[in-house]
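Hi,

Here is the structure I promised to pass on. Have a look at it first, then read my notes below.

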Amino acid sequence: LQDMMMKTESDPQLNTKLLQVIRQLHEWENQHLELVQTQAGRYLYLSLVKQLVDEKHEQPVAILKGIYHNQDLSERALRYKIREFEVEGLIKFETNAQDRRAKKIVPTRDLMQTLEGHSHEFGRILATKFVVLPKK
């Protein structure tokens, strides 16, 4: 593993290919994923991805409270962007039965399809430069 890490650090061809993948994904996002084109939009989207994909739940949900911890963005900017995502039909809110003050963000089918399309495109771009084998 250490040899692989050293190779990654010193292999300019590999590093160039990684940067090309990042650039191509960014171009695709700019053309197809308007909601991540602002700093607040990208932060909210990736925060939702983290909660919806990384954490295992029966139904995908995100906790609203966890979204507001960002040093670079104001709470007002995030609230505006959250409202925008709601108006766009990407999220809806559900009140917690035990604690009515706590709200859950529930992704709509549109958001889940957006996430799926985004990850599919990332995989497609990655496969143009690398052989991708899923880790078990």
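Before anything else, a word on terms: helices (H or I, at least four residues) and strands (E, at least two) are DSSP runs, numbered from the N terminus. Going by that, the elements of the protein run α-α-α-β-α-β-β-α from the N terminus on, which gives 5 helices and 3 strands.

Two bits of housekeeping. This is a predicted model, where local features need pLDDT of at least 70 and side-chain atom pairs count only at pLDDT 80 or more, while totals for chains, interfaces and linings use all residues. Residues are numbered from 1 along each chain as its sequence is written, and side-chain values use heavy atoms, with hydrogens and water left out.

The C-alpha trace spans about 55 × 30 × 30 Å along its principal axes. Of the 136 residues, 31% are buried (buried means under 20% relative accessible area, exposed over 50%, partly exposed in between, with a 1.4 Å probe and protein chains only). Take the contacts (heavy atoms within 4.5 Å) between residues at least 6 apart in sequence: 52% of them join residues at least 24 apart.

Now the core. A nonpolar core is a set of buried Ala, Val, Leu, Ile, Met, Phe, Trp, Tyr and Cys residues joined through side-chain atoms within 4.5 Å. Which members of the largest one touch the most others? Out of its 27 residues, they are Tyr45, Leu48, Phe85 and Leu111. Helix 2 (12–32), helix 3 (39–54), helix 4 (75–87) and helix 5 (109–129) each supply at least two residues of this core, and helix 3 gives the largest share, 6 residues.

At 1.5 Å a residue (times one less than the number of residues), its 16 residues should span 22 Å, and its end C-alpha atoms are 21 Å apart, which agrees. Its buried residues are Ala40, Gly41, Tyr43, Leu44, Tyr45, Ser47, Leu48, Gln51 and Leu52. Among the elements covering them are strand 1 (62–63), strand 2 (91–95) and strand 3 (103–107), along with helix 4 and helix 5.

How do helix 3 and helix 5 pack, and at what angle? The angle is about 95 degrees, with the axes 12 Å apart (axes are lines fitted to C-alpha atoms, for helices over the stretch in contact, and angles run from 0 to 180 degrees between N-to-C directions). The two helices are therefore roughly perpendicular to each other (65 to 115 degrees; under 35 counts as roughly parallel, over 145 as roughly antiparallel, and the rest as oblique). Tyr45, Leu48, Val49 and Leu52 in helix 3 meet Leu111, Met112, Thr114, Leu115 and His118 in helix 5. Tyr45 also touches Leu33, Leu35, Val36 and Phe85, leaving aside neighbours within four places in sequence.

- Leu78, in helix 4, counts as buried at 0% relative accessibility. Its contacts are Ala40, Tyr43, Ile67, Tyr68, Asn70 and Leu73.
- Glu29, in helix 2, is buried too, with a relative accessible area of 6%. Glu29 touches Glu34, Val36, Gln37, Arg42 and His118.
- Leu126, in helix 5, touches Val21 and Val132. Leu126 and Lys17 are 109 residues apart in sequence, yet 9.1 Å apart in space, C-alpha to C-alpha.

Happy exploring!
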